[in-house]
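This briefing is for a reader meeting the structure for the first time. Look over the sequence and the model before going through the points below.

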Amino acid sequence: MSSASLFPDSGTKLVGIARLAASGESIREGHDVEYFTLPIRSLLSRCKSKRVSFEWTINPYRGCEFACKYCYARYTHEFMEMRNGVDFEQKIYVKQHAANLLRQELRQVKPGEFISIGAATDPFQPAERRYEVTRAILEELSRHKGLHVGIITKSNLVLRDIELLKEISKNNRIGVTLTITTLDVNLARLLEPRAPRPDLRLEAVRQLIEAGLHAGVSCCPVIPAITDSPRNLESLVKATVEAGGHYIFANPLFLKPCSAAVFMPFLEKEFPQLVAAYRERYHDRAFLPKPYHQRIAQLMIKLRQKHGMIKSERRIEQLDASQAEIQMSLF
């Protein structure tokens, strides 16, 4: 079945990624999720913003089945003329011929330039178990030298490729960041319905560290009045240290229209007492005021110091800042 039926007949000729998506073939369905092929022309995307810490991005898929209620990347489906924010988690596009394209495109990457894998989709989401696009990408990276690669994921499936990651690390710099917003399993299930449990993600950090890899935790986003309590953040810092994580950073929730369209109805259902405050905070802005950011940053510094994560404090502060810039630059 062609995915063309997903797009309204507006009379406007589809171009670029929207046209490619419309030509994709449906390849599988399951629990309200459908997978489509995406015949791409390029895998490696150049990041031109001077504010971010990486020069290149790789996203093996378009869309993400984890269905995180706060996800900022829902806007990427809008480039394919898909305006319903829920489509991002229900219509997953599998990029074709990724490794072959990457082999050619890596010639553009200068030694030391940073490649981020997973900035706008989770590279180890459920689709990866079947289609192995991310694994093919990692296999290609293992054949090269002098690269700087960062992976960000919510999935312990990353452990499947631990030997491959070790192989890459022999001739390249590579780090893996596991996103964990809370250790509360019930809360995590509400916020991130289809993502692996927080304890499984922490165990992934531990095993990555034991394998000699560079790994840590992102607790982004920090969600006001839901995950921003000192108790919640301290539990994350403490658990990261106990797992051997090299770093942990945090930045507050921001809500662009595509994200707010999903997050606010979720809030009305699960946290109705917070709706009025959120409407006041976000009604004319996507980002919270600077004092809130500063408060979270200072709290994280104190918690890292309290639990002994001090050797790379300056580097962690840079991660705090760059993560916010990365997220903002995606818009």
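The model is predicted. Its protein chain has 13 helices and 11 strands. Of the 331 residues in the chain, 56% are buried.

**Overall picture**

- The accessible surface of the protein chain is about 15,100 Å², and carbon and sulfur atoms account for 50% of that surface.
- Among contacts between residues at least 6 apart in sequence, 77% join residues at least 24 apart.

**Nonpolar core**

- The largest nonpolar core contains 90 residues.
- Leu-141, Leu-208, Phe-263 and Tyr-278 are the residues with the most contacts inside this core.
- Beyond its neighbours within four places in sequence, Leu-141 contacts Leu-102, Leu-106, Ile-117, Leu-147, Val-149, Ile-168 and Asn-172.

**Helix α3**

- Helix α3 spans residues 98-105, and its buried residues are Ala-98, Ala-99, Leu-101, Leu-102 and Glu-105.
- These residues lie on the same side of α3, because they cover an arc of only 160 degrees around the axis.
- The cover over the buried residues of α3 includes the strands β3 (44-46), β4 (56-58) and β6 (91-95), together with helix α5.
- Leu-102, one of the buried residues of α3, is also among the contacts of Leu-141.

**Salt bridges**

- The whole structure holds 20 salt bridges; three of them are described here.
- Arg-135 and Asp-161 form a salt bridge through their side chains, with an N to O distance of 2.4 Å.
- Arg-201 and Glu-192 form another salt bridge, in which the closest N and O atoms are 2.8 Å apart. Both Arg-201 and Glu-192 are buried.
- Glu-210 and Arg-206 meet through their side chains in a salt bridge of 2.4 Å, N to O. Both are in helix α8 (residues 198-210), and because they are four residues apart, about one helical turn separates them.
- Glu-210 counts as exposed because its relative accessibility is 59%, which is over the 50% cut-off. Arg-206, at 29%, counts as partly exposed.

**Ser-229**

- Ser-229 sits in the loop between β10 (214-218) and α9 (230-242).
- With a relative accessible area of 31%, Ser-229 is partly exposed.
- A polar atom of the Ser-229 side chain is 3.0 Å from the backbone nitrogen of Asn-232.
- Ser-229 and Ile-296 are 67 residues apart in sequence, and their C-alpha atoms are 9.6 Å apart in space.

Technical notes. Residues numbered from 1 in each chain as written. Predicted model: local features only at pLDDT ≥ 70, side-chain atom pairs only at ≥ 80, totals over all residues. Heavy atoms only, no water. Salt bridge = Lys/Arg side-chain N within 4 Å of Asp/Glu carboxyl O. Buried < 20%, exposed > 50% of the residue type's maximum accessible area, 1.4 Å probe, protein only. Helix = DSSP H or I, 4+ residues; strand = E, 2+ residues; numbered from the N terminus. Polar contact = N/O pair within 3.5 Å; in protein donor to acceptor, adjacent residues only side chain to side chain. Arc of directions from axis to C-beta. Contact = heavy atoms within 4.5 Å. Core = buried A, V, L, I, M, F, W, Y, C linked by side-chain atoms within 4.5 Å. Areas by Shrake-Rupley, 256 points an atom, 1.4 Å probe, with all protein chains shown as cover.
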